[in-house]
Amino acid sequence: MAEFTLVAEAGRPIGSRPARRLRVDGRIPGVVYGEGVDPISVSVAARDLRAALNTDAGVNAVLSLQVGQTTLMTMARELQRHPVKNTVIHVDFQVVDPNREITSEVPITLVGEAIELHRADGILDQQLFALPIRSRPSDIPPHLEVDISELIIGSAVRVSDIALPAGVTTDLDPEAVVAAGQAPRVQEAGEAVEGEEGVEGAEAAAPAGGETASDSGGEEG
């Protein structure tokens, strides 16, 4: 189990001004919640939180949160970030049960090289970047690998092609596309232009006034 110990201080003042003062002092305001636990307003050291979330597990890291004399197994389930600096300005810690399944999102990593797709000047189109899963906290993988080596133009790698570790399931449609091989955009544009030229040529070949050969023949009869 990827577990990181984090010390939290309880009893922080509530409000935007106290929160700003905490951030100036290098601390991040947060709240602890979960089944059977009354919400607790806390703060944690910004440096320690960054270290906890920069492990291989990322935001799916299991955090052993020490609040006073109590130690809670938690996960950082919601991070609010500064719109410009992108730094964390608030964090929600959810208390989790190590023996119960929870939902989380795991990033998808593409591996291998789509050689035939590149030879055909095709485009690799990744459509799914994270997979929603269900598992116990200790079974959450840091990422899921998807092999794209066999991709060609017109083919796709789907959710059903992802090898899920033991104890991990997903409710996402097995036919959902993770990555696909697309035709070159230049070629697609060229085909569209050729189609337009064909229509224009047909219009130019028609007699003035829209009269066709069969119309003319009918009048002579």
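Which residues gather in a patch of positive charge on the surface? They are R17, R20, R21 and R23, and R21 is found in helix α1, residues 16-24. A patch joins like charges within 9 Å, from residues with over 30% relative accessible area (Shrake-Rupley, 1.4 Å probe) and no salt bridge.

This is a predicted model: local features need pLDDT of at least 70, side-chain atom pairs count only at pLDDT 80 or more, and totals for chains, interfaces and linings use all residues. Residues are numbered from 1 along each chain, and side-chain values use heavy atoms, without hydrogens and water.

Turning to salt bridges (Lys or Arg side-chain nitrogen within 4 Å of an Asp or Glu carboxyl oxygen), the structure holds 5. In one of them, R100 meets E35 at 3.0 Å, N to O. R100 lies in the loop between β6 and β7, E35 in the loop between β2 and β3, 65 residues apart.

Finally, confidence: pLDDT, which runs from 0 to 100, averages 84 over the protein chain. Over residues 208-221 it is below 50. Where pLDDT is low, predicted coordinates should not be read in detail.

Notes. pLDDT is the predictor's confidence in each residue, from 0 to 100. Contact means heavy atoms within 4.5 Å. Patches are made of residues with over 30% relative accessible area and no salt bridge: like charges are joined within 9 Å, nonpolar side chains (Val, Leu, Ile, Met, Phe, Trp, Tyr) within 5 Å. Lys and Arg count as positive and Asp and Glu as negative; His and the chain ends are not counted. The place of a charge is taken as NZ of Lys, CZ of Arg, CG of Asp or CD of Glu. Helices (H or I, at least four residues) and strands (E, at least two) are DSSP runs, numbered from the N terminus.
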